[in-house]
Amino acid sequence: AMRALLGCQSILKTVDLCFLMLSSVHRVGRVSTPNHHCNSKLIFDRTSFQKRWNSQTNSPQEKKITDYERDHNFNVPDNVAKKIGRNLHLNPLSPINILKKRMENYFLNTQHGLMKPGETFRSFDTFAPFVTVRENFDLLQFPDDHVGRNTSDSYYINQNTLLRTHMTAHQNELLRSGERAFIVSGDVFRRDEIDAKHYPVFHQMDGVKVFDPEILSKVGDKDAQLQAVIDDMKATLDGMVKELLGSQNTQARWIDGQFPFTHPSFEMEVFYNDDWLEILGCGVIHPKIMEANGLGDCMGWAFGIGLERVAMTLFNIPDIRLFWSDDERFLNQFKSGQVVQFVPYSKYPPTYMDISFWKNRDFHANDLNEVIRDRAGDIVESVIMQSEFKHPKTGRMSQLWRINYRSMDRILPVKEINGIQEQVRKDLVEKFDVELR
């Protein structure tokens, strides 16, 4: 089947029919009829489709950060750039992939709620992480002053291109190409704090379901249809969580949320291991987004879930850095398709180092985190501000931060730590014009 599909790709330049046929190609080579029940204004765009075809048949490694022109906005450190192409979500021995597969099985092999007979979800998981500002923010209705747009929070290659901050960046492209029920997985990138639960690269799964207006019309008026979409979404996601956690007795609760691309919006929490865990965000796709994709007469829902957060709970993994470990003592504990409890293999002693400085007005805590990550990589367990002081006369702000150096795989020599600490001090002065104390 895949050979036939590749043949169609070469014919695509001259035969429009192949273009329409290939819009329904699943990433593993299955051909099915796209769901075009909401296509009154749907227009196929050849350029957009060709981009999606390339993205789904070529691995993300074929697109490199060096392929893009850089400008003064570029802020991707080497330690983050090296993670591009690692694709933990595609590694069958990674807990991230094991979790992703369980979620895929739930969506791809079961018909959920208000769907036509035979209609199922489809999966996409090889989109390259380079997206435009328009795809990541503008088309999803992020306000111009949203903090996520700032270089303090996101990794930019140039003014118009960045590393995606969420998998929702591909939602509009898939909707325009005719997809109506799909999940999309991949790595996402955000500048963030340093601790056991945060990392600049993590993984998400997004899902979308658009309803056939004919089916919804049987429910009642618009208010009744909206409620039917919400009920369908909650029932589907309740089922997914029970499938993941392996218990039909899992308690879940819904709280109101707020996202620029859904309205109304919700967050889901589950009671697991004697605590409430925030697990996902979701909502009804905003009408303006539906209208922009030629689906003004349709309604649909969308969700997004962070895979590391769930995997840490399921596999009892205490530190998010472990997912990136090449240590066989970690990797050999996992088998494809199996959920096992991680057994810690070592706990090396921490080494604490403090750094204090007068900061300038433009300095952001994530600037410090990026300097430390760039120099120390994954041997820093946490960075915590100990105190902050405002000079009563000058108004200048001074901060004291404590860096916890601890490797998961080896004992760190004092000489090595001192060398890194000195480089961190120099980088802060040179890059951010702080005054050390």
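The following legends describe close-up views of a predicted model.

**View 1. The open sheet of seven strands.** The 7 strands follow the order E1-E5-E6-E10-E9-E8-E7, with mixed pairing. Strand E1 (122-124) and strand E7 (251-259) are the edge strands; each has a single partner strand, so one side of each lacks a neighbour in the sheet. Direction ignored, neighbouring strands are turned by 25° against each other on average.

**View 2. Pairing of strands E5 and E6.** Strand E5 (residues 181-189) runs antiparallel to strand E6 (residues 201-210), and 9 bridges connect the two. Within this pair, Gly-186 has Gln-204 of E6 as its bridge partner.

**View 3. Strand E10 between E6 and E9.** In the strand order of the sheet, E10 stands between E6 and E9. E6 and E10 are antiparallel and share 7 bridges; Val-210 is found opposite Gly-300 of E10. E9 and E10 are also antiparallel, joined by 5 bridges. Gly-281 faces Gly-304 of E10, while Val-284 has Trp-301 of E10 as its bridge partner. Of the 7 residues of E10, 5 are buried, and the strand is mostly covered.

**View 4. The E8-E9 hairpin.** Strands E8 and E9 pair in the antiparallel sense through 9 bridges. Tyr-272 is placed opposite Asp-275 of E9. The hairpin has 2 residues between its strands, and Asn-273 in the turn has a positive phi of about 55°.

**View 5. Helices lying across the sheet.** Helix H5 (residues 95-108) lies across E1, E5, E6 and strand E10 (300-306), at about 5° to E6. Helix H9 (residues 222-245) lies across E6, E7, strand E8 (262-272), strand E9 (275-285) and E10, at about 30° to E8.

**View 6. The largest nonpolar core.** This core holds 63 residues, of which Leu-163, Met-240, Phe-303, Ile-305 and Phe-323 touch the most other members. Two or more residues each come from H5, E5, E6, H9, E8, E9, E10 and helix H11 (307-315). H9 supplies the largest share, 9 residues. In soluble globular proteins, nonpolar side chains tend to be buried together.

View 7. Leaving aside residues up to four places away in sequence, Leu-163 touches Val-76, Val-80, Ile-84, Pro-129, Phe-130, Tyr-155, Ile-157 and Phe-189. A second core, separate and made of 26 residues, has Leu-140, Phe-142, Ala-169 and Phe-261 among its members.

**View 8. Helix H13 and what covers it.** After H13 comes Gly-377, with a positive phi near 60°.

How values were computed: Residues numbered from 1 in each chain as written. Predicted model: local features only at pLDDT ≥ 70, side-chain atom pairs only at ≥ 80, totals over all residues. Heavy atoms only, no water. Pairing = 2+ DSSP bridges. Helix = DSSP H or I, 4+ residues; strand = E, 2+ residues; numbered from the N terminus. Axes fitted to C-alpha atoms, helices over the stretch in contact; angles between N-to-C directions. Contact = heavy atoms within 4.5 Å. Core = buried A, V, L, I, M, F, W, Y, C linked by side-chain atoms within 4.5 Å. Buried < 20%, exposed > 50% of the residue type's maximum accessible area, 1.4 Å probe, protein only.
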